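Open the model in your viewer and keep the selection panel at hand. We will take one stop at a time.

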Amino acid sequence: MNVGGFISQLLQVLIALALAPLLVGWVNQCRAWLQNKSAPSLLLPYRTIHKLFIKDAVVADTASPIFRIAPYIVFGAMCCAAAIVPSLATDLPFASAADAIALVGLFALARVFVALAAMDTGTAFGSLGARREMFIGFLAEPALLMVLFTASLISGSTSLPTIVDTLAHREFAIYPSLAFAGVAFTMVSLAENARVPVDNPATHLELTMIHEAMILEYSARHLALIEWASAMKLFNYSCIGLALFFPFGIASGGDWLGVVGAAPTLVAKLAIGGFALALIETLSAKMRIFRAPEFLGTAFLLAVLGMLVNLLLGS
Amino acid sequence: MTAIPFYAQIINLLAALLLLLSFAMLAQRRVLSLVNLFAMQGLSLALSTAIVAYGTAQPHLYWSAGLTFVLKVFLLPWLLHRLIRQLDVRWDVEGLINIPTTMLIGIVLVVFSFNLAVPISELASTVTRSTLGIAMACVMLSFLMMITRRKAIPQVIGFLSMENGLFFAATSATYGMPLVVELGIALDVLVGMLILGVFFFQIREQFDSLDLKHLEKLKEGE
Amino acid sequence: MIEILAVLGFPLLGALLLAWLGARPNAPGINVAVSLLTLLAAAALTARVIAEGPLLVLDRQFFVDPFNVFLVALTALVGFTTSIFSRPYMRIEEERGRLTPAKLRLYHSMYQLFNFTMLLALLANNMGILWVAMEAATLTTVLLVSLYRTPASLEAAWKYFILCGVGIAQALFGTILLYFAAERVLGAGGGALLWTELNAVKGQLEPTVLSLAFVFLLVGYGTKTGLVPLHNWLPDAHAEGPTPVSAVLSGLLLNVALYAVVRCKVLVEGSVHTSFARELMMGFGLLSVVVAAFMLSRQKDLKRLFAYSSIEHMGIITFAFGMGGPIANFAGLLHMTAHSLTKSAIFFAVGHATQKTGTQLIDGMRGLITISPMMGWGLMLGSLAILGMPPFGIFASEFLILITAMREQPWATPFLLAALAIAFAAVVSKLQPIVFGETNATRLPHRPAMVPVYTHLALVLMLGLWIPPYLAQWYRQAARLIG
């Protein structure tokens, strides 16, 4: 592992950390704009995180150590994920350590700890949120894996950088299977990131909330880490999506200059992606929780279809 | 993989879209959306036929594409919209089986038809041969839709979308049937649709509804 | 050539004329006249084919050989007699308020259009046109089946439309596969769907594709033939539509659909050198015979009863063509003719009988013979003929089929014999009280048309006692053609 590669790796994680809250702010702004509301500041997520960090943390008496360490684990998992996801460059030292399946595992680890922490304090809302979160998670994960498998069928490897490298540097060809996978991936991302058709990040209505219900007990720095981690999760998912389906502009070497050079493209792509997300959220209505299996089942089905189509047409 | 010309790739993409739309129709509960999906399916069919015509220099396929475009994208959806408006039947349609189960059966059907199509497409010499499996899957899915819906209009849409699948099979396996046959088929579809329109009114007049559960009286041994 | 144009042109023009004229008092007369002209044209065509051999005309689009010319003649004949029968029948229906002049107009023009589509299906050389004509035949009859607009007739028509529509879509897929196989040998273009061209190169067609195509074609056209388990529409459509429509459905449409199956079978046999197509046809045929025979005893509606009898007979014919060989094919063709004539005669008699008693239910019809002996005997003789009693033609053909089956497919014989016996018991036990015993029938306001009934029965009787040599020659030629 050379020093240049290490710098690039660090740079990618740092850029992810820095840009993640901005992406959330951008999505919120776009959404407000689309809904004819006056938009909050683009930098609001940064201010929120900053404000939460300087407050004193309050922890429930009944809370066990799990409750305390969960935010760190979740945040750490998301940072690891940010290092693995080829958002800026495909040839990074850390990337070879884990493939797409491990990435899904990392996300699962974060989910399990959030859910454990939510149940730890023993409040009604926490358990309710945890149950719903696991319910959605167990439906979303197979679909996500299927999407990644479809993509890896094309390149013949489950390693994300290899997949992205193949997709970015192939001869121009249209893969119908990727269209299926793309739609499926969008649906999974919406569910995983607690976005509108499945969950609503903006409300605390007990009948519908999922993600917000789990983190009600958190305050101050713990909450800041959790919020930041959620932003990172959205960022990571967006980067996976962009890398798989719009891979152009990614630096192929591990050179840090290349990484810096790829950043503007990424920002532009994220801006468009964030706008698209806001558009989806504006256009669709929150569905009943019992419709969620149908929604995610459809995602799974599309991913399977993508795989079948790939096998049929790709031969 | 790289041997496939660009236009064939677009056809593959449209084929995938056709399949996607078939599934969307299977999952759709609202009748009006069903009609729109049907129109979109017609559009992708017409587009792919036109691209096949362009790519393989088969001028008679332009006629076929134009026919599909006029008939399946404008005329039939328009007729269906009119019917729905006049009969005021904008209900949601609930299938006999719930939608996730239907989708699972659909996946099984897709696997089945892909397998069935492989030996045939290996014999074909057309660049679009690999899409034959998709065409077959579309036919099967429309068939499934006809079985699982108990209202008249969704059944008819299923029937029409089956016709779409068949047309697509004809284009992808053989670059289209002879023109005289295609004209005949198109005429039959149109006349069939008009007759059905009349028929819907008759059913409605008799039963005040287009729910096919009224049409289950004739059974054996009564 | 001119004969073919006349055979197709008369019913088509007749349909337009009748639609244009509307419900005039002389519309039934025109209907009869047009059918008569069609019959004469068909006779001329037949004479021409007998004298000059097969015809291939109009850019190879129309093809006449001994096999289809015999069906054309039969179709035209039954079309003509049914139009004679429908004159008094529809008049009575109109006076009883079941039909309006507008519906009669629809009926007359659709009747001619239906004849046109069937003749087109028979004469077309192009398998695609054959498909188009079959689909059009469904479409023209859908509105005829729902003519009375009763809930039951609407249901029957809906079932008919959807089931046959789905079935015929399968046949289209089969046709596409056929074209696909042919294109590799004959090249793209119109020639690759012409039956004569396909027949010439059938040995080179890809067996895998043709086997698959035949499955779809058999399922598709088999739905229209009424083969079990695709027969669900048939009893309903026969029972709920007006009786002349039941007569032509049973007497003609089923034949034409079976004709399409046999044409396809010839191609598949030539390409696939296994008994695959034969076995499939024999299996479907036998299943239809057995299931229909058991269903017969459960029927309470007289028209449904005879509809199931049609399924049974279509099963027998399919089985015969499935066995193949000169004798079985000869018997199959003879059975087709005899069944068409007998079944339409029965439906004529049943039609007037339902008008006399005011019901179609078997329990409601009693003692027809007291009030009108001609009709009672017509029904009784027709039923005996359809059940295969000597000396009628059906006996001869069933006998031939049975002995061929004993020699070539001995396993099937017990099923066939048992089914025939069950059918006999079921129909006779139901018919006996209808014809004899205390009567509840009333006189009709108009003289019923008994001439078609007895003409048909006389022809069937003749076929049983003595087949004219030229007809026998003709059957033998056709039997050789279909292998």
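How many residues does the contact take from chain C and from chain B? Select both chains: 51 residues come from chain C and 46 residues from chain B. Contact here means heavy atoms within 4.5 Å.

Before moving on, note that this is a predicted model, where local features need pLDDT of at least 70, side-chain atom pairs count only at pLDDT 80 or more, and totals for chains, interfaces and linings use all residues. Residues are numbered from 1 along each chain as its sequence is written, chains are lettered from A in the order in which they are written, and side-chain values use heavy atoms, without hydrogens and water.

Stay on the interface. Chains C and B bury about 4300 Å² between them, and carbon and sulfur atoms give 75% of that. Buried area is the accessible area (1.4 Å probe) that two parts lose on being put together, summed over both.

Now select C:Glu155, C:Trp158 and C:Phe180. These residues supply 17% of the area that chain C buries against chain B, more than any other three residues.

Next, look for salt bridges (a side-chain nitrogen of Lys or Arg within 4 Å of a carboxyl oxygen of Asp or Glu). Between chain C and chain B the count is zero.

Which element gives the most to the side of chain C that touches chain B? Select α6(C): this element gives 23 residues. Helices are DSSP runs (H or I, at least four residues), numbered from the N terminus.

Last stop: chains A and C. No contact joins them, and their closest C-alpha atoms lie 19 Å apart.

Notes: Helix = DSSP H or I, 4+ residues; strand = E, 2+ residues; numbered from the N terminus.
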